[in-house]
Amino acid sequence: MKEQGIDAYIIPSSDPHISEYLPERYKCIEWTSGFSGSAGTLMITQDFAGLWTDARYFVQATEQLAGTGFELVKLKVQHAAEYVEWLDQRFGAGTKVAFDGNLASLLVAQTVKNVLEPRGMVVDGHVDLLSSIWDGRPSLPQVKAYLLDASTTGQDTVSKLTAVRSALEKYRVEGHFVSSLDDLAWLLNVRGQDVPCNPVVLGFVYVSKKDAILFVETSKLNAEAVAELAGYGVEVQDYSKAFDFVKGLSIESILIDPKRTCFAIYDSIPSGVKIVERLNPSTSLKALKNKVEISHMRTTMVNDGVAMTRFFKWLEESLGKEELSEISIAEKLQGFRAEQPGFVDISFNTIAGYLDHGALPHYHAIPSSNYTLKPSGLLLVDSGGQYRTGTTDITRVISLGNITQEEKEDYTIVLKGTIEGSQAIYPQGTRGYQIDAITRRPIWETLRNYGHGTGHGIGFFLNVHEGPQTLNPTAVDVALEEGMITSIEPGLYREGKHGIRIENLVLTSNYESSQFGDFMHFETLTICYIATDLVEKSLLHQSHIDWLNNYNQWVYEKLSPLLSEEESAWLKQKTAAI
């Protein structure tokens, strides 16, 4: 920084595809600071180094940054670029601020420039300071990719390209450049293993009225896959040619998604090309699951529920008889999932949080933090699987013994939130922040709250976090539509004590029409019993009790035919009505 006259250097948690989960090569924040969370921004000056992150990671960041020279700066608003305000307040005209445009989204770069440049600061978005000092930096993954057929996805590549081209015609643009890996995977029905837990392949896609070009490491696709893509009108070019292709564009207009396109791509677009900034059309299209995807997801939920049931039964019977730890039970749960049809991988690193570790919403056990389980306290398990027929994400909390009244009350209040959100009936056009408030209402009534969103979209054998819909307090102007699959996962976290989160996936479906319009509701898809021994029944209304009893009975009916007699008897006890 001194050599280049840089006063402040920004390192986002991202890659050239603006991914949430990163290939090893792009885990720049972890290499620089030691913080391994999936969301954050580093700011380094000559006399300060800070990590800006949100409430999900406050405790984790405090522990991981200890002794590193980096300070935790707590975000007030999740995902907000509050570090820009910090720069604005502390530096003046002539200050040079830099970042690597391959790692910063266009939206982030614009925020930095729009705030700081009018103040006379110099912003350079083409500075990579890490490559020259990161010895042994991992190379890009070279794992093979593969295509899915329409019997799995419910829609072939040609029809998906046609839908995207219709959107381009609507927006009156000639071309569209796609950087986001899950959009690429959906559009071309391709999957890979380039990012842990996410079945995606590193690449870019360009789509115009006549052309479709996939930029990917060509060794990842075999000759049959390349030929199949050619049959769909998709040309395959080497990954390294993407930037030069963009620089050579000779069209009048192009559509890019400012949140999912890196600044370096944006800045490579020739000055004569009109840039239209909109959400990727594929993002909205893939959020609406088709009938084939929904059918596959229902089957996947049954299989995942069998794995979860066997896991919790094994855990209950093994506790006190053998040494169990957060790490060992996560491995065991993955083993149960691996026995199910079509299993490919876990959908994210399992969060097995015992006691106060449950209060860390994105906790991931490592050897130095690994707790041994004892017959006392609460255990939170947030986990999911990637199957060829769908993606799962589920959180359950169970008692290991000697539960306090405070723990029972917290659990019951969170359960009320899950139920309120799950049984909501709402008019067409309802936004996610409205469902967020409905879910939080019974929690707010007790003067409790949680610092993360209530829910996120989920992909079909794709990313476990998927947009554009989201259930959080931010006024995101995206309506919930029929076919969207979303999580509902309220929580409560008492630092140093325990954490509680109860999560199901739900399908947005049409409900009924009246003289006041069309109404929608959620259909719960997740199939795994919700523990009742933690319930403080006096805190529930009869409607909550009925929902819980009906849900658990449904779980038993769906899973028992696939379980052994002993497993079925165990589950019958767990799903008994209260």
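**Close-up views of a predicted model**

A search of the whole structure, which is a predicted model, finds zero disulfides.

View 1. A disulfide is a covalent bond between the sulfur atoms of two cysteines. For a pair to count as a disulfide here, the two sulfur atoms have to lie within 2.5 Å.

**View 2. Trp 134, a buried residue in a loop.** The loop that holds Trp 134 runs between strand E6 (122–124) and strand E7 (146–147). With a relative accessible area of 8%, Trp 134 counts as buried because this value is under the 20% limit. When residues up to four places away in sequence are left out, Trp 134 touches Glu 24, Arg 25, Lys 27, Cys 28 and Trp 31. Met 484, by contrast, is 350 residues from Trp 134 in sequence, and their C-alpha atoms are 41 Å apart in space.

**View 3. The stretch of residues 1–117, annotated in UniProt as a domain.** The unreviewed UniProt entry gives these residues the annotation "domain: Creatinase N-terminal".

**View 4. An open sheet of six strands with mixed pairing.** Strands of a sheet pair through backbone hydrogen bonds, either parallel or antiparallel. In this sheet the strands follow the order E12-E11-E10-E8-E13-E14. At the edges are strand E12 (235–238) and strand E14 (274–277), each of which pairs on one side only. Neighbouring strands of the sheet are turned against each other by 25° on average, if direction is ignored.

**View 5. Strands E8 and E10 of the sheet, with helix H7 packed on it.** Strand E8 (residues 175–178) and strand E10 (residues 203–208) run antiparallel and are joined by four bridges. Within this pair, Gly 175 stands opposite Ser 208 in E10. Helix H7 (residues 181–188) packs on the sheet, where it touches E8, E10 and strand E11 (212–216), and the direction of H7 makes about 60° with that of E10.

Terms used: Residues are numbered from 1 along each chain as its sequence is written. This is a predicted model: local features need pLDDT of at least 70, side-chain atom pairs count only at pLDDT 80 or more; totals for chains, interfaces and linings use all residues. Side-chain values use heavy atoms; hydrogens and water are left out. Helices (H or I, at least four residues) and strands (E, at least two) are DSSP runs, numbered from the N terminus. Buried means under 20% relative accessible area, exposed over 50%, partly exposed in between (1.4 Å probe, protein chains only). Contact means heavy atoms within 4.5 Å. UniProt positions are given in the numbering used here, feature names are shortened, and annotations may be inferred rather than shown by experiment. Two strands pair if DSSP finds at least two bridges between them. Axes are lines fitted to C-alpha atoms, for helices over the stretch in contact, and angles run from 0 to 180 degrees between N-to-C directions.
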